[in-house]
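Me: I would like to learn how to read a structure like this one, feature by feature. Please give the general idea each time, and then the case here.

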Amino acid sequence: GAIDPNDPVEYQTPWTCTVLGPAPTPSAAPTPGASAPAPPGGSCSAEGEDCRNTMCCQDSSMTCFEKNEYWGGCRSACTPGAIDPND
């Protein structure tokens, strides 16, 4: 991905893409006994929100990926080392 020159320099960094929390499951039915513990506050993060604390996404087709120690985001895919111009 290209770097957006309008982004502040501190946000023009590559993603580590470490998966935070459980990966999304392809089936709609949850597997008994395999559910993750409820996050603090009882809600998952929306797209565009930092998901490092909830470690889950409101959209079940997305995964919470870590960008760095300061940010994690809900994404459908993540390429380690890539720069997201939408950050």
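Reply: Begin with the elements: helices (H or I, at least four residues) and strands (E, at least two) are DSSP runs, numbered from the N terminus. Thr 16, for instance, has its place in the segment before E1. This is a predicted model, in which local features need pLDDT of at least 70 and side-chain atom pairs count only at pLDDT 80 or more, while totals for chains, interfaces and linings use all residues. Residues are numbered from 1 along each chain as its sequence is written, and side-chain values use heavy atoms, with hydrogens and water left out.

Me: How many helices and strands are there in the protein chain?

Reply: The protein chain has zero helices and three strands. Along the sequence the pattern reads β-β-β.

Me: How are the strands joined by bridges?

Reply: Two strands pair if DSSP finds at least two bridges between them. Strand E1 (residues 18–20) runs antiparallel to E2, with three bridges joining them. E2 and E3 are also antiparallel, with five bridges, and a hairpin of two residues connects E2 to E3. Glu 66 in E2 shows both pairings: Thr 18 stands opposite Glu 66, and the bridge partner of Glu 66 in E3 is Gly 72. As a general point, side chains in a regular strand alternate between the two faces of the sheet.

Me: Is Arg 75 buried or exposed?

Reply: Buried means under 20% relative accessible area, exposed over 50%, and partly exposed in between (1.4 Å probe, protein chains only). Arg 75, in strand E3 (residues 71–75), counts as buried because its relative accessible area is 18%. Trp 71, also found in E3, is partly exposed because its value is 30%. For the chain as a whole, buried residues make up 26% of the 87 residues.

Me: Which residues is Arg 75 in contact with, leaving aside its neighbours within four places in sequence?

Reply: Contact means heavy atoms within 4.5 Å. With those neighbours left aside, Arg 75 is in contact with Trp 15, Met 62, Thr 63, Phe 65 and Asp 84. Trp 71 and Cys 51 are 20 residues apart in sequence, and their C-alpha atoms are 7.6 Å apart in space. Over the protein chain, 52% of the contacts between residues at least 6 apart in sequence join residues at least 24 apart.

Me: What does the side chain of Arg 75 reach?

Reply: A polar contact is a pair of N or O atoms within 3.5 Å; within protein, one must be able to donate a hydrogen and the other to accept it, and residues adjacent in sequence count only if both atoms are side-chain atoms. The Arg 75 side chain reaches the backbone oxygen of Ala 77 at 3.2 Å. A polar contact of 3.0 Å also joins the side chains of Arg 75 and Asp 84. Asp 84 lies in the segment after E3 and counts as buried because its relative accessibility is 15%.

Me: Where does the side chain of Thr 16 reach?

Reply: The side chain of Thr 16 reaches the backbone oxygen of Glu 66 at 2.8 Å. Neighbours within four places in sequence aside, Thr 16 is in contact with Glu 66, Lys 67 and Pro 80. Thr 16 is partly exposed, with a relative accessible area of 38%. Thr 16 and Thr 79 are 63 residues apart in sequence and 8.0 Å apart in space, C-alpha to C-alpha.

Me: What should I make of a positive phi?

Reply: Most residues other than glycine have a negative phi. Cys 17 has a positive phi of about 70° although it is not a glycine. Cys 17 is in the segment before E1, and is buried, with a relative accessible area of 10%. Met 55, not a glycine either, has a positive phi of about 55°. Met 55 is found in the loop between E1 and E2 and is partly exposed at 38% relative accessible area.
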